[in-house]
Amino acid sequence: MIRKIRLILVILLVSLNVASQTRSDKLLNNLHDKNSKYIFVIAHRGDWRNAPENSIQCIENAIEMGVDMVEIDIQPTKDRNFICMHDETLERTSTGVGAIKDYTTEELKKLVLRSGNGIKTRRQIPTLEEVLKVCKNRILVNIDKGEKYIKEILPIIKKCDMEKQVIIKGKYPVEKVKESYGSSQGMLYMPIIDLWNDKSVASVQEFIKDFVPVAYELCFKDEKSLDLNIINSIIESGSRVWINTLWDSLCGGHDDENALIEGKDKHWGWILEHKATMIQTDRPQELIHYLEEKGLRDLEQSSL
């Protein structure tokens, strides 16, 4: 009788723990589980087709459609803050003119963002801190262009309690990554590997030996350069394979537009066959639906 009561209590405690988990908790469980078959969908610059890129609105849209991670870009301001914007200049994506580094945060907040087709909106330029607060416990974050600012943005990430939910990516060698991260062992890093560059390819083994990244972003211009031996060594080392389907020169022609025009299995399916478990896309909603049909979007499947 006592054993039965104990068993019931254990089951109740496990159930309560699962129920209390945020979506980010479940995503992180799968992210760090080698046996998980969950495929992560990363929205490139958020839902930029329906909202200004790198805006709060485009992130909210991505969260609503079930995206797992949003990729954002950062730029430093005159007062050494950081805003979310891809370009170093303001013209393309906002009503401003000139270099971002010449403006203070307060001055930038007086501007508004433009939509993907250049139309003025009412959306403000967000700071990195504002974006992280919106994303906390709701969606993971990939910071592009953050590599050279690691030491400056770490305090912002820590302030928002987002260390475990942020991936910073870049092309630094392993020694510089370890130096830049210092004692921040909770932070996640992802090397960008250009498979047409021998030095970049060689760095994979250096990372495997000294530092286990959460994933490797593999960029390749043609199918032949995507070496399965490299993929297998990455997976065996405990890291994930990240592939971009944004445009053809990043994924050997297996990009989003070709997938929608020529066939999803032919292109997105090819990416899956080559063991990618993280896909950055400009068509997040369509990719999510495709993966759901394949049974690859069950967050509860993690063995952790």
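## Helix H5 and its buried side

Which residues of helix H5 (residues 128–135) are buried? They are Leu128, Val131, Leu132, Val134 and Cys135, where buried stands for under 20% relative accessible area, exposed for over 50% and partly exposed for what lies in between (1.4 Å probe, protein chains only). These residues cover an arc of only 160 degrees around the axis, which puts them on the same side of H5; the arc is taken from the directions from the helix axis to the C-beta atoms. Helices (H or I, at least four residues) and strands (E, at least two) are DSSP runs, numbered from the N terminus.

Before going on, please note that this is a predicted model, in which local features need pLDDT of at least 70 and side-chain atom pairs count only at pLDDT 80 or more, while totals for chains, interfaces and linings use all residues. Residues are numbered from 1 along each chain as its sequence is written, and side-chain values use heavy atoms, with hydrogens and water left out.

## What surrounds H5

The buried residues of H5 pack against several elements, among them helix H3 (56–65), strand S2 (69–76) and helix H6 (150–159). Strands S3 (82–84), S6 (140–144) and S7 (166–170) are also packing partners of these residues. Contact here means heavy atoms within 4.5 Å.

Take H3 as an example: its axis and that of H5 come within 10 Å and cross at roughly 20 degrees. That makes H3 roughly parallel to H5. Axes are lines fitted to C-alpha atoms, for helices over the stretch in contact, and angles run from 0 to 180 degrees between N-to-C directions. Angles under 35 degrees count as roughly parallel, over 145 as roughly antiparallel, 65 to 115 as roughly perpendicular and the rest as oblique. On the H3 side, Ile56, Ile59, Glu60 and Ile63 make the contact, and they meet Glu130, Val131, Val134 and Cys135 of H5.

With a relative accessible area of 0%, Ala62 is buried. Not counting residues up to four places away in sequence, Ala62 touches Ala43, Asp47, Val67 and Ile139. Gly253 is 191 residues from Ala62 along the chain, and their C-alpha atoms are separated by 25 Å.

The backbone nitrogen of Asn137 is reached by the side chain of Gln165 at 3.0 Å.

Gln165 itself sits in the loop between H6 and S7. Its relative accessibility is 8%, so Gln165 counts as buried. Leaving aside neighbours within four places in sequence, the contacts of Gln165 include Ser24, Leu28, Cys135 and Ile139.

## Helices H6 and H7

The axes of H6 and helix H7 (residues 174–181) come within 9 Å and cross at roughly 45 degrees. That makes H6 oblique to H7. Ile150, Lys151 and Leu154 of H6 make this contact with Glu179, Ser180 and Tyr181 of H7.

Where do the buried residues of H7 lie? In H7, Val174, Val177, Ser180 and Tyr181 are buried. Seen down the axis of H7, they fall within an arc of 130 degrees, so they line one face of the helix. The face turned away from this buried side carries the exposed residues Glu175 and Glu179. The cover over the buried residues of H7 includes H6, S7, strand S8 (188–194) and helix H8 (198–210).

Definitions and conventions: Polar contact = N/O pair within 3.5 Å; in protein donor to acceptor, adjacent residues only side chain to side chain.
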